[in-house]
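Thanks for coming, everyone. Let me put the structure up, and then I'll walk you through it.

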Amino acid sequence: QVQVVESGGGLVQAGGSLRLSCVASGMIFRLNAMAWYRQPPGKQRELVAAFSSGGSTKYVDSVKGRFTISRDNAKNTVYMQMNDLKPEDTAAYYCNARLQQVVGGREYGYWGKGTQVTVSS
């Protein structure tokens, strides 16, 4: 099976920084894409930052210039450095990993359980 585990969340004051990590483990043939989503209280989950299978990145407009996504392919790990945090960044942050478990197998997406980020004003 596959496990996706996020870490690095916490409570921080506005203007502070946090670094989130996400590790995918288990039976993985190829990890194609990884992305960070967030879900503020009472709102829908939204894409924050992502790596495509080709290595390109994209960000939601509200975090451009403040958040940076990076990855370590050897460790099946993706990071997100979050700087200049704002109260509106408060949310549960989730990692999604799209991968194939076997050669020629279908690609599936797997979610972690999330890590909470709270930014106080």
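**A walk through the strands**

Start with a polar contact: a polar atom in the side chain of T115 sits 3.1 Å from the backbone nitrogen of G9. One caution before I go on: this is a predicted model.

So, T115. You'll find T115 in strand 11, residues 115-120. Is T115 buried or exposed? Its relative accessible area is 11%, and buried means under 20%, so T115 counts as buried. Look at what surrounds T115. Setting aside residues up to four places away in sequence, T115 touches E6, S7, G8, G9, L20, A91, A92 and Y93.

Now Q39. Q39 belongs to strand 4, residues 30-39. Q39 is partly exposed, at a relative accessible area of 29%. Its side chain has a polar atom 3.1 Å from the backbone oxygen of K43. Beyond four places in sequence, Q39 touches Q44, R45, A91, A92 and Y94. E6 lies 33 residues from Q39 along the chain, and their C-alpha atoms are separated by 14 Å.

Next, the core. Which residues have the most contacts inside the largest nonpolar core? They are W36, M80, M82 and Y93, in a core of 29 residues. Strands 1, 3, 4, 5, 7, 8, 9 and 11 each supply at least two residues. Strand 9 gives the most, with five residues.

Take M80 as one case. Not counting residues up to four places away, M80 touches L18, R19, L20, W36, V48, A49, F67, T68, I69 and Y93.

Nine of its 10 residues are buried, so strand 9 is largely enclosed by the rest of the structure. What does strand 9 pair with? Strand 4, for one: nine bridges join the two, and they run antiparallel. In that pairing, W36 has C95 as its bridge partner. Strand 11 is another partner, antiparallel, through three bridges. There, A91 stands opposite V117. Strand 10, residues 107-111, also pairs with strand 9, again antiparallel, over five bridges. Q100 has E107 as its bridge partner in strand 10. The hairpin of strand 9 and strand 10 has six residues between the strands, and G104 there takes a positive phi near 75°.

How many disulfides does the structure hold? One. C22 and C95 form it, with sulfur atoms 2.0 Å apart. C22 is in strand 3 and C95 in strand 9, so to speak distant parts of the chain, 73 residues apart. The torsion about the S-S bond is about -80°, so the disulfide is left-handed. Both C22 and C95 are buried.

Last topic: charges. The count comes to six salt bridges.

First on my list, R38 and D89. Their side chains meet at 2.9 Å, N to O. R38 is in strand 4 and D89 is in the loop between strand 8 and strand 9, 51 residues apart. R38 counts as buried, at 5% relative accessibility. D89 is buried too, with a relative accessible area of 1%.

Then R66 and D89. The closest N and O atoms of this salt bridge are 2.8 Å apart. R66 lies in the loop between strand 6 and strand 7, and D89 in the loop between strand 8 and strand 9, so the pair ties together parts that are 23 residues apart in sequence. Salt bridges with shared partners join R38, E46, R66 and D89 into one network.

Stay on R66 for a moment. R66 is buried, with a relative accessible area of 9%. A polar atom of its side chain lies 2.9 Å from the backbone oxygen of S62.

Finally, K64 and D61. They form a salt bridge too, with the closest N and O atoms 2.9 Å apart. Are K64 and D61 buried or exposed? Both are exposed, whereas R66 and D89 are both buried.

Technical notes: Residues numbered from 1 in each chain as written. Predicted model: local features only at pLDDT ≥ 70, side-chain atom pairs only at ≥ 80, totals over all residues. Heavy atoms only, no water. Helix = DSSP H or I, 4+ residues; strand = E, 2+ residues; numbered from the N terminus. Buried < 20%, exposed > 50% of the residue type's maximum accessible area, 1.4 Å probe, protein only. Contact = heavy atoms within 4.5 Å. Polar contact = N/O pair within 3.5 Å; in protein donor to acceptor, adjacent residues only side chain to side chain. Core = buried A, V, L, I, M, F, W, Y, C linked by side-chain atoms within 4.5 Å. Pairing = 2+ DSSP bridges. Disulfide = S-S within 2.5 Å. Salt bridge = Lys/Arg side-chain N within 4 Å of Asp/Glu carboxyl O.
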